[in-house]
Amino acid sequence: PFSSDTEEKEEISEDVSKYLDKIVGLCKENNVELLFVSNPAKDWSVQQHNAVAEYARQQGIEYYDFNTQELYIKSGYNFSEDNGDAGHSNIWGAEKITRAMGEILQQSYQIEGTEDKQWEETKEYYENIKKDYALKYETDINKYLPLLSDPRYSVLISAKDEAVNGLTEEITGKLRALGLQTDFNGKIHNSYYAVILPDHVIEEISAEALSTEGTLRGGLS
């Protein structure tokens, strides 16, 4: 986020300016109130903000830049947690900005919230997408393992040698919650694999090398 008194600005390119003018003109012709919004981005500068803000003032358009300190803090945004890359929000960041803009539209423009039938019918699907996304970024194994308890997932686990030295009572408990029954005590330098499916669990541990083969849902082998 930034808060600066500098008046320096980056020039808007000719192509961008051309299409901005077309969009603004089309909205005015159809009595559509246009708003400008900038999402949080690590590569967004004060100079870029000033350029958009000046254009918005000239056109009589409200501009909401969530890179400015006030809006950034108010939305609860956090670059380290809510950005997918330098210029785009991840799924959690998108939720925060959507919620913040919803409040602005309700409070400043008296646009009432409405129930969307399609949204209500697909809530479960969206929650599953968020869970899938969370799995990719979770680095704490104690938080990661419980996320695997989902009938949509086929879980493959393999380990060897000194892997059992990293097992704590908490981790072991979470493995048990996934349906694993193997006793790992004293099994250092062993090979181990497990396949966790919605209807059954396969696991094997041995001092010898292990291998197995089979077919997962969807025909993957």
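This is a predicted model: local features need pLDDT of at least 70, side-chain atom pairs count only at pLDDT 80 or more; totals for chains, interfaces and linings use all residues.
Trainee: How many bridges join E4 to E5, and do they run parallel or antiparallel?

Mentor: Six bridges join E4 to E5, and the two strands run antiparallel. The link between E4 and E5 is a hairpin of four residues.

Trainee: Which residues of E4 have Val155 and Ile157 opposite them?

Mentor: Val155 stands opposite Ile196. Ile157 stands opposite Ala194.

Trainee: So what order do the strands take in the sheet?

Mentor: E3-E4-E5, three strands in an open sheet with antiparallel pairing. Strand E3 (155–159) and strand E5 (201–206) are the edges, each pairing on one side only. Neighbouring strands are turned against each other by 5° on average, direction ignored.

Trainee: Is E4 mostly covered or exposed?

Mentor: Mostly covered, with six of its six residues buried.

Trainee: Which way do the E4 residues point?

Mentor: Two ways. Ser191, Tyr193 and Val195 point to one side of E4, while Tyr192, Ala194 and Ile196 point to the other. All of these are buried.

Trainee: Let's talk core. How many residues has the largest nonpolar core?

Mentor: The largest nonpolar core has 13 residues. Leu145, Leu148, Leu175 and Leu180 have the most contacts inside this core. Helix H9 (169–177) and E4 each supply at least two of its residues. E4 gives the most, with three residues.

Trainee: What is Leu180 in contact with, leaving aside its neighbours within four places in sequence?

Mentor: Leu180 is in contact with Ile157, Leu175, Tyr192, Ala194, Ile196, Val201 and Glu203. Tyr192, Ala194 and Ile196 point the same way from E4.

Trainee: Zooming out. How many helices and strands are there in the protein chain?

Mentor: Nine helices and five strands. Along the sequence, the pattern reads α-β-α-β-α-α-α-α-α-α-β-α-β-β.

Trainee: What radius of gyration does the protein chain have?

Mentor: The chain has 26 Å, whereas a compact globule of 221 residues would have a value near 17 Å. Its C-alpha trace spans about 75 × 40 × 30 Å along the principal axes.

Trainee: What share of the 221 residues is buried?

Mentor: Buried residues make up 29%. The protein chain exposes about 15200 Å², and carbon and sulfur atoms supply 48% of that area.

Trainee: And contacts between residues at least 6 apart in sequence: what share join residues at least 24 apart?

Mentor: In the protein chain, 54% of those contacts do.

Trainee: New topic. Where does Gly25 lie?

Mentor: Gly25 lies in helix H1, residues 14–29.

Trainee: Why does Gly25 count as partly exposed?

Mentor: Because its relative accessibility is 24%. Buried means under 20% and exposed means over 50%, so Gly25 falls in between.

Trainee: What separates the C-alpha atoms of Gly25 and Ser89?

Mentor: A separation of 29 Å, for two residues 64 apart along the chain.

Conventions: Residues are numbered from 1 along each chain as its sequence is written. Side-chain values use heavy atoms; hydrogens and water are left out. Two strands pair if DSSP finds at least two bridges between them. Axes are lines fitted to C-alpha atoms, for helices over the stretch in contact, and angles run from 0 to 180 degrees between N-to-C directions. The radius of gyration is taken over C-alpha atoms; the globule rule is 2.2 Å times the number of residues to the power 0.38. Buried means under 20% relative accessible area, exposed over 50%, partly exposed in between (1.4 Å probe, protein chains only). Contact means heavy atoms within 4.5 Å. Accessible areas come from the Shrake-Rupley method with a 1.4 Å probe; for residues, only the protein chains shown count as cover. A nonpolar core is a set of buried Ala, Val, Leu, Ile, Met, Phe, Trp, Tyr and Cys residues joined through side-chain atoms within 4.5 Å.
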